[in-house]
Amino acid sequence: MEAYIFDAVRTVRGKGNKKGALAGMTPTHLTVTLLDELRQRHDLDTTQVEDLIMGCVTQIMDQGANIAKTAAQHSGYGDHLCGVTLNRFCGSGLEAINQAAAYVKAGFKDLVLAGGVESMSRVKMGADGGAMAMDPMVAMPGHFVPQGISADLIASKYGFTRDDCDAFAAESQQRAARAQEAGYFNKSRIPVRDINGFTVLDHDENIRPATTTEVLAGLDPSFAVMGQMGGFDAVAIDRYPEVATVEHIHHPGNSSAIVDGAALAMVGSKAAGERQGLKPRARIRSVAVYGTEPTIMLVGPAPASRIALEKAGMTKDDIDLYEVNEAFAVVPLRFMQDLGVPHDKVNVNGGAIAMGHPLGATGCMLFGTLLDELERRDLSTGLVTLCIGGGMGIATIIERV
Amino acid sequence: MEQPTIKNSILSYEVDADGIARITIHMTGQPTNLFSLDFVEAYVAAAGRALQDDRVKGVIVTSAHRDFMAGADLKFIGNPPEDRRGLFDGLLRMHREMRDIEKGGKPFVAAINGNALGGGYELALTCHHRIALRKEGLKVGLPETQLGLFPGGGGTQRLPYLIGIQNALMVILQGQTPRVEKAHSLGLVDALADNEEDLLASAKKWILEHPNPLQPWDNRKYRIPGGGVMTPGGAQTIMGAIGNLRKKTHGNYPGATMGLAAIHDGLQLPIDRGLEVEARYFIKAFYSPEAQNLIRTGFFAINEAKKGKAKPEGYDTYQVRKLGILGAGMMGAGIAYVSAKAGMDVVLKDISQEQAEKGKAYSHKLLQKKVSRGYMSESDRDAFLDRIHPTTSADDLRGCDLIIEAVFENPELKARVTREAEAMVDEDKVFASNTSTLPITILAQAAERPQQFIGIHFFSPVDKMPLVEIIVGEETDDRTIAAAVDYVTQIGKVPIVVNDSQGFFTSRVFGTYTGEGALLLSEGVPATMIENVARRVGMPVGPLAVTDEVSLTLALHVMDNMREMPEHTQRIYKLYKTLVQDGREGKKAGKGFYDYPEGAKKHLWSGLSDLFPSNPDALDADTVGKRLLHIMALESYRCLEEGVLRNTTDGDIGSLMGFGFPPYTGGVFSYIDYVGPASFVAECDDFAERFGSRFRVPDSLRNRAVSNQLFYPQKQVV
């Protein structure tokens, strides 16, 4: 049995603070926006949708108590529609798709909606606490450091400079601006409207076409104080004693933007598609996750991708386009260095540095962006990968049909 | 009716006419009040009587000793009961009893009239109010983490309520014992009193004004200052505390981590459950090898050594009233300072009056610091300085009880000054050399009375380094050893006694550390990694940095004097030589392994990797760390086998205090126990195979490993 993708949509992304355009829109509203879109777009018989699998990282307050079922209930799809919320940190949105695909491939479910949501303006990152960082008996032996320290550690260990990261960041902004300008996102990017139908936001709020390396060079590093005052530089060096100093090179301009947004993909069997008159756009070739040492944390994409490639019987050169989450500029840089992939195949329409990283949704957003771009260029295969907190990596390979 | 008063060997209890009861702790048979299970029993009985007696309005808890209470009874801690579960149950029972007193409805006030440390301060925390006497040197706090433990008498659960999580963590994790004024400003004590009378009067007043007090942790409306654990501020504080604790301890001190965990886990609960959480972690920390190591060596062994345990039996105290020092350089000047500080008259002789005066000026400089900070009066400073007599005349040495020569490390010069000085003192007096490199037996040949010649090896800077290595020459007699030990204890330092041999004990063993650092570098391990791993395993300074301090030139000089150099020493020699040829002689030269930029932090020289190509994957960090510590432990064992060391305890003390061997290990011999004799030998065998014969294990140590014989056998713990 194959798992097919019939569609993948996302909301526009609003800045993830109290001034952000989407701050007044609840995560339930963002999710239901997409559920409505898919129903209307495909004239969906909602009784045939069996489950809603949503990734969400900070599952507390507005996002607590199973946001997936909350949205399912509010969507009008019917009481039969179940919902499950999962947390694989930044890989959640892709993990949701992978789980949906696994259900379909196993024959346990025929039609599933999978994606993710994160309203970072309404629910602060880290608001759910957690033992990994806070429980001394866990964090001490685990050499816990915040992600920004991990990003700076990668740069220090593998020799990436501030200039490297700033150049990458400026390129991300320019690629995203060009793609937005050319309308590449229009097919799957859904504006968010309020309860009256008034448009709240119809574009990605964070893209800054004017960004240059000169502008970025003026920004102060974000994690120097934390590294010093919190003792985390020393923690990183304790774990990586070959590193003399943790160079703090990441700043708001070369790290992913904090934003609000949701994304959803429709995953199902061929038969389920035929019953609904849906045309498969791609199939899932393989999926993988892989855990790495947690202090350096963000180097998982390359090893996870190697496993996915091996499972698909492919090599890196068989992949036409890559989407690597730009949590920090150094993550795709290290990915390209490690796997040996050229920049012109990676994040061709920009990434999270320009458009933002709504934690639980990003995996599904990258997935949709990749699918659209493969179609636009009439290419065949693509790989999506994200780095994940706690030292994980996730990868999915798709092939157009 | 019950007897209104109690008087036993632990405390007295009496009630005054106003209904104010007083519990006065006065443990007999020991120098101070110590927290113990016996104490708790007596205290609970007395407090219980107060609660039951309707006439009693409240209780003042105070002391008849110099200390309020100096801490827990370490005799008990150093000899832990086999029954862990029993100890845990006992701890919980104590908490229940103390809680009953807290909730008994009558005010208890701690009238802190002396040091309140550890368990003593935790006792004060169970009282409803703490008033301390404003007294010079009076300290209040929780030093337990210094012994590998953490406050296990409720301190982790109660203190954060009073001063907030952040401040409580600072006191607890750093083992702080602030002076009384600082303790007051931090909130460790609620009020200060100027004298004993005022102290008791204030306590009484507080009792009369607070008839039914509620502890903050029993008050539902009370909020922890700065917020609890699960608040944004609390979470930030805990996360930062974890990072900074690793920065400081590298994870080598599990007791501190568990103290932090007790706060994290316990403070989210009602106090009774929090105390239970604390007790679970405390038992674990209490039986940890790190805590036992720290208590055995860091506390007991050092304290006993300080009292002169190394002194041969049967000799009267050798009083040093007048001390002669030959050579007023850095060492001589330092010895003059510490000796004058102990009240001795010091004759400080050098070849020129100017040099001698310069040596005295060193003391002036140190004292001036105290005067300017208000710790010393000008008249005390002057009296101190009057005890130091700079001179060029050997005649002034007449009447000295002890001569210490501290001239240049030149045998002929030392022989000359020895003969000159020896002639001036009475025949029964002792002569010592402060040499750090020359054999005492050879130097003693210049002496008229070689049996009264001994080595007294101070470490630099003398005023700060507490260890003194006493070196026994071939002819040195026991009376002379006894005299040297007496002198060292009189100046308040810690003596160990070793037999004469190349490098004695400390220099010889420490040389293996610096040497191993160089060898690692020569094998392609990056310098950064060597230095970072050395600190990670607990050494205060990396081997390359410390070689810079010593100077590569000096190290080469020592090696030049060796009769033969083993293969690995030749490699070290070559490596040093390569750097020295480049002008990189060490810190003094402004460049060695490190660069020393003016006004900035030193950093490893960027050219090192060109001279010595390296690769981070050359060797894993754990092996790097083990090589650095194992080689020192192995060399120490050789010292023991060769009779350079007389016992393992001196080796443990000497390694901790002489060259900064990590305290959590308990010292070089405790370290072998800590690693496990079988593992230690197996790892050395592996290292001998891979890295060279210097890791070859002596047969006697191998035999110990086979039978798993420990240097410090411990009771089988359940």
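**Figure 1. Parallel pairing of β16 and β17 in chain B.** Strand β16 (residues 467–472) of chain B is joined to β17(B) by six bridges, and the two strands run parallel. Within this pairing, I470(B) has V497(B) of β17(B) as its bridge partner. Strands (DSSP runs of E, at least two residues) and helices (DSSP runs of H or I, at least four residues) are numbered from the N terminus, and two strands pair if DSSP finds at least two bridges between them. The model is predicted: local features need pLDDT of at least 70, side-chain atom pairs count only at pLDDT 80 or more, and totals for chains, interfaces and linings use all residues. Residues are numbered from 1 along each chain as its sequence is written, while chains are lettered from A and ligands numbered from 1 in the order in which they are written.

**Figure 2. The eight-stranded sheet of chain B.** The strands form an open, mixed sheet in the order β12-β11-β10-β13-β14-β15-β16-β17 (chain B). Its edges are β12 (388–391) and β17 (494–499) of chain B, each of which pairs on one side only. On average, neighbouring strands of the sheet are turned by 25° against each other, direction ignored. Helix α13 (residues 353–372) of chain B lies across β11 (345–349) and β12 of chain B, and runs at about 160° to β12(B). Axes are lines fitted to C-alpha atoms, for helices over the stretch in contact, with angles from 0 to 180 degrees between N-to-C directions.

**Figure 3. Contact between domains 2 and 3 of chain B.** Chain B is divided into domain 1 (6–289), domain 2 (322–501) and domain 3 (507–643 + 646–706), with bounds from an automatic or database domain assignment. The contact takes 12 residues from domain 2 of chain B and 10 residues from domain 3 of chain B; residues are in contact if their C-beta atoms, placed from the backbone, lie within 7 Å. On the domain 2 side, β16 and β17 of chain B are the elements that give two or more residues, and β17(B) provides the largest share, five residues.

**Figure 4. Surroundings of C364(A) in the largest nonpolar core.** This core has 241 residues, and C364(A) is among those with the most contacts inside it, together with V267(A), V109(B) and I112(B). A nonpolar core is a set of buried Ala, Val, Leu, Ile, Met, Phe, Trp, Tyr and Cys residues joined through C-beta atoms within 7 Å; buried means that 20 or more other C-beta atoms lie within 10 Å of a residue's own, placed from the backbone. Leaving aside neighbours within four places in sequence, the contacts of C364(A) include A8(A), G93(A), L94(A) and A263(A).

Terms used
Contact = placed C-beta atoms within 7 Å. Buried ≥ 20, exposed ≤ 12 C-beta atoms within 10 Å, placed from the backbone.
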